[in-house]
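These are my notebook entries on a structure that I examined for the first time. I record what I looked up and what I found.

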8 protein chains.
Amino acid sequence: GYATLDIQRERRKGFPEIIFGEGKSKEHLLGIFERLMKFHQKVFATRVDSEKASYLMATLKARYPEEHFQYRDDCHIFYWISQDYVETKKHGYIAVVSAGTSDVPIAEEAAVTAELLGCKVKRIYDVGVAGIHRLLDNIEMIERSSVVIVVAGMEGALASVVGGLVSKPVIAVPTSVGYGASFQGLSALLTMLNSCASGVSVVNIDNGFGAGYYAATIMAV
Amino acid sequence: GYATLDIQRERRKGFPEIIFGEGKSKEHLLGIFERLMKFHQKVFATRVDSEKASYLMATLKARYPEEHFQYRDDCHIFYWISQDYVETKKHGYIAVVSAGTSDVPIAEEAAVTAELLGCKVKRIYDVGVAGIHRLLDNIEMIERSSVVIVVAGMEGALASVVGGLVSKPVIAVPTSVGYGASFQGLSALLTMLNSCASGVSVVNIDNGFGAGYYAATIMAV
Amino acid sequence: GYATLDIQRERRKGFPEIIFGEGKSKEHLLGIFERLMKFHQKVFATRVDSEKASYLMATLKARYPEEHFQYRDDCHIFYWISQDYVETKKHGYIAVVSAGTSDVPIAEEAAVTAELLGCKVKRIYDVGVAGIHRLLDNIEMIERSSVVIVVAGMEGALASVVGGLVSKPVIAVPTSVGYGASFQGLSALLTMLNSCASGVSVVNIDNGFGAGYYAATIMAV
Amino acid sequence: GYATLDIQRERRKGFPEIIFGEGKSKEHLLGIFERLMKFHQKVFATRVDSEKASYLMATLKARYPEEHFQYRDDCHIFYWISQDYVETKKHGYIAVVSAGTSDVPIAEEAAVTAELLGCKVKRIYDVGVAGIHRLLDNIEMIERSSVVIVVAGMEGALASVVGGLVSKPVIAVPTSVGYGASFQGLSALLTMLNSCASGVSVVNIDNGFGAGYYAATIMAV
Amino acid sequence: GYATLDIQRERRKGFPEIIFGEGKSKEHLLGIFERLMKFHQKVFATRVDSEKASYLMATLKARYPEEHFQYRDDCHIFYWISQDYVETKKHGYIAVVSAGTSDVPIAEEAAVTAELLGCKVKRIYDVGVAGIHRLLDNIEMIERSSVVIVVAGMEGALASVVGGLVSKPVIAVPTSVGYGASFQGLSALLTMLNSCASGVSVVNIDNGFGAGYYAATIMAV
Amino acid sequence: GYATLDIQRERRKGFPEIIFGEGKSKEHLLGIFERLMKFHQKVFATRVDSEKASYLMATLKARYPEEHFQYRDDCHIFYWISQDYVETKKHGYIAVVSAGTSDVPIAEEAAVTAELLGCKVKRIYDVGVAGIHRLLDNIEMIERSSVVIVVAGMEGALASVVGGLVSKPVIAVPTSVGYGASFQGLSALLTMLNSCASGVSVVNIDNGFGAGYYAATIMAV
Amino acid sequence: GYATLDIQRERRKGFPEIIFGEGKSKEHLLGIFERLMKFHQKVFATRVDSEKASYLMATLKARYPEEHFQYRDDCHIFYWISQDYVETKKHGYIAVVSAGTSDVPIAEEAAVTAELLGCKVKRIYDVGVAGIHRLLDNIEMIERSSVVIVVAGMEGALASVVGGLVSKPVIAVPTSVGYGASFQGLSALLTMLNSCASGVSVVNIDNGFGAGYYAATIMAV
Amino acid sequence: GYATLDIQRERRKGFPEIIFGEGKSKEHLLGIFERLMKFHQKVFATRVDSEKASYLMATLKARYPEEHFQYRDDCHIFYWISQDYVETKKHGYIAVVSAGTSDVPIAEEAAVTAELLGCKVKRIYDVGVAGIHRLLDNIEMIERSSVVIVVAGMEGALASVVGGLVSKPVIAVPTSVGYGASFQGLSALLTMLNSCASGVSVVNIDNGFGAGYYAATIMAV
Ligand SMILES: Nc1ncnc2c1ncn2[C@@H]1O[C@H](COP(=O)(O)O)[C@@H](O)[C@H]1O
Ligand SMILES: Nc1ncnc2c1ncn2[C@@H]1O[C@H](COP(=O)(O)O)[C@@H](O)[C@H]1O
Ligand SMILES: Nc1ncnc2c1ncn2[C@@H]1O[C@H](COP(=O)(O)O)[C@@H](O)[C@H]1O
Ligand SMILES: Nc1ncnc2c1ncn2[C@@H]1O[C@H](COP(=O)(O)O)[C@@H](O)[C@H]1O
Ligand SMILES: [Mg+2]
Ligand SMILES: [Mg+2]
Ligand SMILES: [Mg+2]
Ligand SMILES: [Mg+2]
Ligand SMILES: [Mg+2]
Ligand SMILES: [Mg+2]
Ligand SMILES: [Mg+2]
Ligand SMILES: [Mg+2]
C-alpha cells in the first residue's frame, strides 16, 4: 500500500509517528490518521491546509462522534487526543521567542508541537534586534526556561543575540520571511549556522515542528 | 585594542569564553590566552594549527613553569587547566558517533570540547551506513547516553538513521569530507537539515566544537 | 514542422521514442502521438496533465474506436498498446522502493514506465529511514530483484542505506518532496550523488521515467 | 578505534570493502589495508597520492616479501592481489569512453576499478563532440559492449550523444576538467542529469571509482 | 516621466529601440509604442502577453485605421511596419535550429526578430542529440547559412555538437525547458558557456530576441 | 501578543517604526497601525497590497473620520499624516535615478519613503546604459544633489556608471526586473556589490524603502 | 599601454584614483604609482602584498629620496603623502566597529582609507554579539559619530544590532572570517543585506576600502 | 591512446584543432603538438604554463632546429608557424577593449588568438566605467572595427556600455578579476548575460581564447 506505518516508533523514540501533511492526498491523510488512532492516544498531523483539515474534521467527526478533533489554523496542525488520555506535564518550560510578527505562524507550530508532546511553553513574540530593548526586557524569563526556541526570518540575527545572553540550549528556526536576498530563508539559515555565540543549533527553514519536537526531546533527557 | 574580552561570559553562559584560534596572529592568541588565565581556571582555544601551538606552548611554559598546557594535535585544541581546578563530572554521558575514519578529527574536536566542559564521552567511530550492522551493533550504548553527536561527511545519511533509532536529542555535524558534489560539506549539511527523522538539530560544517558545546549545554539543563 | 520524429530509435535503442508531454501544446502532443502510432505498436507520453489527457483520450478514441488508450492519473502517463501487440516479459523483476507516501507519484512513474517497457515490478513503499525496520523487513525481496529503484525526497538517505545492503545496481531518484533547505530536491540529489555506499547511480530530480527506463535497459543487458 | 571494518561486505555486496584513501593518515591507511588482507584475497584503495603510496609500498613489501603490490600512479589506485587468487573473468566487456585527453585519469580510475572487480574493459579516449566523427568511428565497438561509461568534463555533452546512439546502459561521470563557469564539474554534472537521451545515469564528479563499481554491479546481474 | 526614449539609437546601433514588454503596464507600453511610431517606420515589442496584445491591437487599430499591426502569439512579439517602409533584405540567411518541440517558442522569437531586422531565416526544428541523425540530415543547409542560432533546453548539448560541425558563428540560446536539476535553464546555460567546440557564444536563458538581434548584427558586418 | 511595538525608536533612530506590510494579516496590520498612531504623528506601512490597503482605508476612515489616509498604489505604501503635523523640510535634495521604466515602482518606493521622512526628491527615470546619453544629459542635476539613489534591474550597470561620474554617495538598489540569468535580481545585486567605481553602497533587492530611508539618514548627518 | 589613468577623477569625484593593487604586476603597480604622483599630492594603493610593497618602497625611495612612503602591513595599504600637502581635517568622526579580533585587518583597511581621505576615526574592536554588553558599553561614542562602519564575519549579526541602536548611517562590511557555511563571507553578506534594522547599507565582502571611501563621501556631503 | 586527433577540423571549421594546454601532462602536450605539426602549417596551444612551455621549447627546438617556436608568457600561448606559411590577412580589424589593467592577460589571450587566426587587432586597455571618458575618447576607433571584444572583471559593466554605443557585434568576456562577491567571475558573467544593451553575446569566464576565435569566425562570414 501507499503507507507502511511505524507503529513501534513510540517505543523507540518516546513519541508516536507524527504525520507530515504536505503533499499527501486527503484520502491518504485520512487513512493514515485513522490507522494511527488504533495504536495511540494522541495523533497529529502538521502542514495540513484548511481544505484538507475540513475534510478530515467532517469525516472523522462523523465516524467518531464521541471523539474530539482540533484544527489550529494559525499553524496548520490537526490533532486528536483520546478521551482516555491522561497528561503528565514535564517540569520546567520552553521559551519560544520570535523576531517579528510575520514569524508567528512558525513560532506557533513550534509551541503547539511542544505542548502536544507534553511540555509547557512561554511565548515572547516580536522582540527582534531592530529594537533590542524588547528582548532585554524579557531576558530573565527566557533564561529561567529549560530550552529556548528562537524563530526569525530576514537576517535571523536574533538567534546569535539570544545565544550570547542565556546559558540554555538555543534551537534556532530560520523562516522564509523576507524578500530579495533572503532567498526564501537561506539568509537566516546561514546566519544561524554561523552564530558566533555558542550553544545554538539549527533546524530546517520554517521547521517549527522540528524545533518543538527537539525541545521536547531535551526536556525528556 | 584588538580584543575586548568577555569576562562575564562564565556568569552568563556557564562556561568562559573559548578562543577561536583561526585567523588570529600568534601574538594575539597568546595575549588573549594569558588574559583569560587571569580570570578563569580553565582556558582553551580551538582551531590552533601546530605552528601556533608550538609558539603558545613554548612561551607559556617559560612564563608559567608550574602550569600544565596541552595540545591535542588530532583535533587542534590547545588548553590549560589550573592546578587548583577541581572537576565535578556531570551525570550520564555523550555518545559521539562518526560515519567514517576521515571524520575522526571533527569527532574528536567535539569529544574533547565536551570533556573540557566537564562531560563524560563515549566514542563510536566508523559506523556509517555503507555497513549499517556496525551501527546496529552499538545502538544500545548510544540509546543509553543523554545526548548523541553524529559526525558525517559525504552524504551525511548517518544522522537520519541514528535519529530514527534513538530517543535522545541528536546533534548532527556535517563534515567537509568528500569531493565533487559534496561541495565542501554542503551535501551533508543539507541532508542533516532535511532529516526525515525527528529529534535532529544541526551545527555548522566541521563545527565539532559547537556540537560538543551544545551537548554540554543540554547536559547542564 | 514543429517535430522531427525519431522513427529509427527503436532500432537503435531497443525502445521507440517516448513523448515528453510537458511544455507541449495539446495539438502538438496529439500530432506526435498519432504519427508514432503509425510506426510502433506501443506509444506513450509522460508528464501529461489531466487536461491534456482528456483531450488526447477524447480525440484518439473518436478516431480509433477499436483501440485501447489509458491514462494513469497518479503518475501522469498516457499510453496506447496496439491490439496486435504480443508482450514477452523479461526474466526477473525490478524492486521499486519509496521512502515516503509523498514520493509515491514518482515511484509509480518509474514502475509504470518499466512495466510498459516489458519488465515485472515489485513495489515496496513508505519504508524510509525514520523507521528503518520497515526496510529491513523487506530486504530479502529487494535483494532477490535484478535492479533496485530507490525514490526519496527530503534528505534522500534511503538510497545509501539500500546501497549498503544489497548487491544489485541501485538507481536513485531524488524527489522534490520537502521544503526549506530541501531546495526542491537539491538536498536529496546531492545526498544520492555522494552516497558512501557503492553501487548507486542517480537520475534527475523527480525523473521516475528515467529510472524506469534505465532499469529496463539493465534488464535487457 | 579509528576504524570498524565491514568484513561482511563481500557476502552482502559481492565485493569486499574498498578503501577511500583521501583524508586518511598513512598510518590509518596501512592499518586498514593490512587488516583487510587478513579477510580477503584482493584489497585496494582509491585516491592514494604518491607519497602515501610509497609509504604503503615500502612497508608492505618489507612485511610481506612474497606478495605483490601495485600502484597505478595515473589513477591513484593502490592494490594487492593474493598469490592464491584465481580470477574468473565475467562475460562481455565494459566500454570506457572519454571526451578529452584531460579526462583520462578519471577514465582510468573507472577502467582499473572495473578490471580489479573482474571485468573486461575496452578504452575509447578523446572522442568528444568537438569532432564527433571520432565517436561515430567507434560506435559499433561501444554498442557491442554490455555497459558504457562516459567520462567528460567542461560541458559534458558526450554522455547525451552516446546515450542517443546506443541501447546499453550509460554511466556518466562528470569531471572537474574545465575552468570558469564549469564550476569544478558542476556544469558537466547538470548536463548529464538533464540528458535528453534516455538510458543515462550519473555518479559524482570525478568519481571514476563509482562508475567502474557500478558497471561491475550491472555485469553481475 | 516614466520613459526617456532613445530616439538616437537607430543612428548609433543601426536598429531603433525595441520595447521590452514584460513588467510594463499596458498603458506604458502603448505610450512608448506610439511615441516610437513618430520617429521610426518599424516598431516592435517582445514578451507581450496576449492580454496586453489585445489592448494594444484594439487601441492602435482605432487610432491608426490605415496602419497594419501584428501579434505573433507563438512568440509574443507585437509589431507595426509602416505602409511606407521599403525592405532591403540582406544577403545570405540565418539558420535557426531547435533541439526539441518545446523549444519552438524561443526559436520563433529569434527567427521573427531577425526577420523584422531584415534578415532571411531557415528553420530546422526538433533535431536534438537524442536522435542525432536528424541533425546530420540537415547539416549542409546549416553550414551554408551565414550565422547559426541553436536553441536548446534540458542539457543543451546541441550547441556543442553544431559548434563542432560547422564553421559559422553559433549563437547559443539556453531555454528553461526541463525540470529538476535543469534549474530553469541554468543547466543548458552552463553547458553552452563551457562548449568544448569553439565558435559558440551565448545569450541569456530564453533570450530568443537577443540571439535574433545578435545574428542580424553579424549579418550587417 | 503578536506584536511588541518599539515606541522608543523615534528617540533612538530619529524616525518612528515603519511597518513591513508583507506577510502580516490585515487584522494585525490594522492593530499595529492604530497603536502607532497613538504615539506618533506620521505612520506608514510598506509592501501593502491593494486588498489590505482597501481594508485599512475603509476601517481607519470609519474610525477616524477627521484624519487623512493615503495609499500609493504604484509603490504599495499606505500612510497617515496627522492634521497637527508640521513638516520641516531638510536642505538639499535626493536624486532618484532609474535605469528602465520597469524599475519605476521600486524607484517610487524609495522616493515616497524619503519624502515621508522629510526630504526633497528629484526623479530621473529610464536613463539606463543602453542609451547612456540620456544619463549624461541629466548628470549635472544628479551631481547637485546631496545623495543619489540608483535603481536598476537586469545587469544593474547604471550604478557603477553613476558612481564613476558623481562625487555624492550613491545608494544602489538592485531590482528583480529581468528573466533567466538575472535570477530574480541576483545579477544586479552582484554587479552593484562589485562596482569598480567607488562611493557605491548597496541595499537588498527591490528594497526601495531601505534606500529612501538610508538617504534620509545621510541627509540628517 | 596597460593603463589609461583617470587624471580627472579628483575633479569629478573629489578624490584621485586609488590603485587596486591585487592582480597587477609590481612593474605595472610602480608605473601607475609614479604617474599618479605627477598629478596629485597623495597617492595610495590597496591590497598590496608585502613582497610588492618592498619592491615599491625600495624603488620609490631610491628615486625620490626626499619623499616619505609608508606601508601598513596590517591592512596592506601603501601610500605617499607629498611634503607640500596641507591637510584640512573634516568635522566629526567615523566610528569603525569590529565584531571580532579576526576582523581587525579589514576594519583597519576601512579606518586607514578614511584617514587618508581626510577623516577622523574612532576604533571600537571585538565587540560582537556573543558578548553584547561590550557593544552597549560603547554605544554612546558610536552614536556621537557622523557615520558608522561595522565590520563582521561569521553570521555578521552585529550590523543589524548597531543599526537598531543608532541614528547614523551604518555601512556594513561582511568579512570572509569563518568556515563551513560562512561560504567565504556569503553568510555575513546576506545577513547584512537583509538587516531588519533600517539605516544599513552594504559593500562587498572584505571591502574595507569601499566602506572607508563611502564614509568619507558622506562626511563630505 | 590518450589522444584521437581531429585532423579534419580545418576542413570542417576553417581552423585546425587548437590544443587546450591545461590539465595535460607535458609529454601528452608535446606528443599532440608534434602530431599536429605533421598536418598543419600553424599549431598553437593555450593555457600553457611557463614550466610546460620551457619543456616544449627545449624539446621542439632540438628536434626541429629550422623551425620557429614562440611562447607568449603574458597570455600563456605557445605556437609554431611553419616557414612555408603564407598569411592572407582578413579585411577590417577587431577592437579588443579591457576594463582594467588586471584584465590585460585575458585581453591578450583574445588578441593573440585572433591574430594567429589571421585577423588584425586594435587594443584599447584600461577604459572601464569608473572613468567613462576614457572609453568615450576611443569610441570612434571601436565603432570602425568589424567586431568588438570587451574584457572586464568585477561587475563587468563595460560590456553593456559598449553595447549601447556601437553597432558592431560585441563579444563579452567576463574575467575572474575581483574578490568577495565577484565569486571568481560569476558577477561579471551574470552582468554580461543580462546586458540591457542589445548586440552582446558572452563566452566563458576568462575565455579570451574563445572570444578571439569567435571574432575570427565572424570576420570570416
Ligand atoms: N571552533 C569554533 N567554531 C565556532 N566558534 C568558535 C570556535 N571556537 C571558539 N568559538 C567561539 O568564537 C567566539 C570567539 O570569537 P573571537 O572573539 O574571534 O575569539 C567565542 O564566542 C567562542 O565561543
Ligand atoms: N519524464 C521525462 N523526463 C525526461 N525525459 C523524458 C521524459 N519523457 C520523455 N523523455 C525523453 O524526452 C525526449 C523527447 O523529447 P521531445 O522531442 O521534446 O518530445 C525523448 O528522447 C524521451 O526519451
Ligand atoms: N574514490 C572513491 N569515491 C567514493 N567512494 C569511495 C571511493 N573509494 C572507496 N570508496 C567507498 O568509500 C567507503 C569507505 O569509506 P571509509 O570507511 O572512509 O574508508 C567504501 O564503502 C568504499 O566503497
Ligand atoms: N581594495 C579595493 N577594493 C575595491 N576597489 C578598489 C580597491 N582599491 C582601489 N579600488 C578602485 O579600483 C579602481 C582601480 O582599478 P584599476 O584600474 O584596475 O587600478 C579605482 O577606481 C579604485 O577606486
Ligand atoms: Mg514588529
Ligand atoms: Mg570505514
Ligand atoms: Mg510514512
Ligand atoms: Mg583532444
Ligand atoms: Mg522531439
Ligand atoms: Mg526605456
Ligand atoms: Mg573576541
Ligand atoms: Mg586602471
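The entries below concern a ligand site, an interface and a symmetry relation.

**Entry 1: conventions.** I note that this is a predicted model, in which local features need pLDDT of at least 70, side-chain atom pairs count only at pLDDT 80 or more, and totals for chains, interfaces and linings use all residues. Residues are numbered from 1 along each chain as its sequence is written, chains are lettered from A and ligands numbered from 1 in the order in which they are written, and side-chain values use heavy atoms, with hydrogens and water left out.

Entry 2: I looked up which residues come nearest to ligand 1. Of the 16 residues around it, these are A:S198, B:R9, B:K24, B:T46 and G:Y179; a residue is near if one of its heavy atoms lies within 4 Å of the molecule. The site is shared between chains, because residues from chains A, B and G surround ligand 1. By class, I recorded seven nonpolar, three polar and six charged residues in the shell. Here Ala, Val, Leu, Ile, Met, Phe, Trp, Tyr, Cys and Pro count as nonpolar, Asp, Glu, Lys and Arg as charged, and the others, Gly among them, as polar.

**Entry 3: polar atoms at ligand 1.** I then turned to individual distances. A polar side-chain atom of B:R9 lies 2.5 Å from an oxygen atom of ligand 1. For B:K24, a side-chain N or O atom is 2.7 Å from an oxygen atom of the ligand. The corresponding distance for a polar side-chain atom of G:D126 is 3.4 Å. The protein covers 91% of the 500 Å² of accessible area that ligand 1 has on its own (Shrake-Rupley method, 1.4 Å probe).

**Entry 4: chain E against chain C.** I next examined the contact (heavy atoms within 4.5 Å), which takes 16 residues from chain E and 23 residues from chain C. The area buried between them is about 1,500 Å², and carbon and sulfur atoms give 53% of it; buried area is the accessible area (1.4 Å probe) that two parts lose on being put together, summed over both. E:T101, E:H133 and E:Y179 supply 40% of the area that chain E buries against chain C, more than any other three residues.

**Entry 5: symmetry.** Chain E can be laid on chain C with an RMSD of 0.0 Å by a turn of 90 degrees and a shift of 0.0 Å along the axis; the superposition is by least squares on the C-alpha atoms of residues with pLDDT of at least 70 in both copies. That is the relation of a four-fold axis. In chain E, the C-alpha of E:F183 is nearest the axis, 7.5 Å from it.

How values were computed: Polar contact = N/O pair within 3.5 Å; in protein donor to acceptor, adjacent residues only side chain to side chain.
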